[in-house]
Amino acid sequence: MIKDNQKYFNRLHLLVDALVVAVAYLFAWYIKFCTIFADTEPGAGALDAGIYFGYLYFVVPEYLILYYFFNMYAPKRATRRKYELEGIIKANAAGIAVFIVFLYMVKQEHFSRFMMGAFFLLNVTFTAIFRTVIRNLLLYFRKKGYNLKYILLIGYSRAAEEYITRINANPQWGYVVRGILDDRVPSGTIYKGVKVVGRIENIRYILPENKLDEIAITLALKDYDHLEYIVDLCEKSGVHTKFIPDYNSLVPSHPYTEDLMGLPVINIRYVPLTNTLNWVSKRAVDIAGAFLGILISSPVMLLAALAVRLTSRGPVIFKQERVGLHNKTFKMYKFRTMEVQKPTSEQKAWTVKGDPRVTKVGKFLRCTSLDELPQLFNILMGEMSLVGPRPERPLFVEKFKEEIPRYMIKHQVRPGLTGWAQVNGYRGDTSIRKRIEYDLFYIENWTMSMDFKIMFLTLFKGFVNKNAY
């Protein structure tokens with residue numbers, strides 16, 4: 001019944017989408033040729049109205065095909081509104097591009113550019129409104145108990161618990177979990193209202209009753225040796241089967257997959273900067289930015305060097321071993337901000353607020369982050385980047401990699417002069433775990449625009465910071 005309803009709904013969706021595209025197109029024509037905009041574009045009126053209307057035979061099927069390729073007819077029960085809006089905008093942008101190519105091929109030079117722009121805006125708006133109305137109607141009916149999908153879970157695991165938690169928190173999705181089958185957990189065990197109703201073998205007796213719309217395999221990792229048998233058993237039933245893997249702690253929610261001649265490969269961690277083009281573009285920005293930074297800050301660095309030299313004994317530049325890309329160590333440069341110490345004393349602890357080792361000039365340099373400026377030379381040498389996770393000393397790396405899950409992932413990219421954690425306030429004597437969370441988010445979601453955003457925010461949040469001491 002659910003499948004029949006879905007087919008009917010998709011056909012209705014196609015029909016209404018076609019109507020929306022046509023209405024948006026005709027309304028764009030009306031705005032262009034029947035309002036104050038009629039004489040604003042030379043040559044646009046050279047075409048007869050019948051020619052404009054005739055292109056609807058191309059535009060409507062074109063957009064329906066594009067909507068299909070942009071997955072706009074896939075089930076939307078758990079899809080967020082913003083992703084649907086992104087799909088609408090992308091499909092319409094592609095639609096206009098294809099239409100322009102089509103007009104070029106038929107050598108149609110006088111089609112109104114203004115009308116194309118109006119059509120794009122109107123169609124995006126009308127389609128978004130229509131789909132919002134449909135979504136809200138479906139949510140209303142599902143909350144009333146209609147158009148529901150009944151699901152049975154195979155296997156009690158962390159994945160099963162997380163799945164149930166999300167379904168309970170979102171009744172508008174229209175999913176109802178009938179129960180769980182598991183061989184390890186006793187029957188009668190209840191998790192958030194969902195009961196373990198028997199052993200996995202009982203599926204042979206449950207499926208013939210034909211009261212299920214879906215089966216979700218949520219086996220625990222230790223039970224994966226039975227996975228092939230259970231998948232085979234479920235598929236023979238003819239009921240739609242999906243697999244919810246119990247390795248969410250290992251694999252990100254949006255894993256990077258590869259297809260090796262039909263063999264699916266899931267990367268445990270997707271790092272955009274392993275892409276050669278991304279790596280080269282980031283390195284080019286690093287070199288240009290470091291040169292520019294040295295040029296602009298050279299007077300400031302000269303004054304800082306003189307201040308350090310004249311107010312305390314010892315070298316102007318402080319070199320400290322840090323762990324960088326691929327776990328390789330390098331010497332990181334800073335202006336010296338502390339009294340000269342023995343290496344064993346210097347490495348044993350963090351700098352804390354009111355640290356007696358910090359000099360008066362050093363306190364100012366630290367509060368303003370001017371002590372970090374010599375790292376621009378580390379960037380030129382390829383040891384660091386303008387933006388990235390801050391590098392740590394080997395002693396603490398050995399400590400944190402045993403205490404903090406996924407800590408070593410930060411070494412899959414170059415360390416940075418500034419970073420996502422730093423502009424969010426996590427620097428100095430703050431939570432290492434929170435810092436790593438921000439570092440991992442940066443590593444897995446890197447874009448060039450994100451780098452520029454962090455550099456911009458550093459000007460206001462990164463240099464002067466209450467945690468810089």
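**A tour in questions**

Visitor: What is the relative accessibility of Phe37?
Guide: Phe37 counts as partly exposed, the class between buried (under 20% relative accessible area) and exposed (over 50%), with a 1.4 Å probe and protein chains only. Keep in mind that this is a predicted model, where local features need pLDDT of at least 70, side-chain atom pairs count only at pLDDT 80 or more, and totals for chains, interfaces and linings use all residues. Residues are numbered from 1 along each chain as its sequence is written, and side-chain values use heavy atoms, leaving out hydrogens and water. For Phe37, the value is 33%.

Visitor: How many helices and strands does the chain have?
Guide: The chain has 469 residues, and 43% of them count as buried. Among contacts with a separation of 6 or more, 72% join residues 24 or more positions apart. As for the elements, the count is 16 helices and 12 strands.

Visitor: At what angle do helix 4 and helix 5 cross?
Guide: Helix 4 covers residues 81–105 and helix 5 covers residues 113–143, and their axes come within 10 Å. Those axes are lines fitted to C-alpha atoms over the stretch in contact, with angles running from 0 to 180 degrees between N-to-C directions. The crossing is right-handed, the name used when the near helix is turned clockwise from the far one by less than a right angle, anticlockwise being left-handed. The angle is roughly 150°.

Visitor: How many nonpolar residues are in the contact of helix 4 with helix 5?
Guide: On the helix 4 side the residues include Leu85, Ile88, Ile96 and Leu103, and they meet a helix 5 set that includes Phe119, Phe120, Val124 and Ala128. Ala, Val, Leu, Ile, Met, Phe, Trp, Tyr, Cys and Pro count as nonpolar, Asp, Glu, Lys and Arg as charged, and the others, Gly among them, as polar. Alongside five polar and four charged residues, the nonpolar count is 13.

Visitor: How many residues are in the largest nonpolar core?
Guide: Nonpolar side chains tend to be buried together in soluble globular proteins. A nonpolar core here is a set of buried Ala, Val, Leu, Ile, Met, Phe, Trp, Tyr and Cys residues joined through side-chain atoms within 4.5 Å. Tyr407, Trp420, Tyr442, Ile443 and Ile454 have the most contacts inside the largest one, and its residue count is 39.

Visitor: And how many are in the other core, with Tyr25 and Tyr55?
Guide: That core lies apart from the largest one. Ile88 and Ala128 are also among its members, and its residue count is 32.

Visitor: Why does Phe330 count as buried?
Guide: Phe330 lies in strand 10. Beyond four places in sequence, its contacts include Gln320, Val323, Met384 and Pro415. Phe330 counts as buried because its relative accessible area is 8%.

Visitor: What is the phi of His326?
Guide: His326 is in the loop between strand 9 (317–323) and strand 10 (329–335), and is exposed at 57% relative accessible area. Most residues other than glycine have a negative phi. Asn327, in that loop too, has a positive phi near 65°. For His326 the phi is positive as well, near 55°.

Visitor: How many disulfides does the structure hold?
Guide: A disulfide is a pair of cysteine sulfur atoms within 2.5 Å. Cys34 is partly exposed at 40% relative accessible area, and Cys367 is partly exposed at 28%. The number of disulfides is zero.

Technical notes: Helices (H or I, at least four residues) and strands (E, at least two) are DSSP runs, numbered from the N terminus. Contact means heavy atoms within 4.5 Å.
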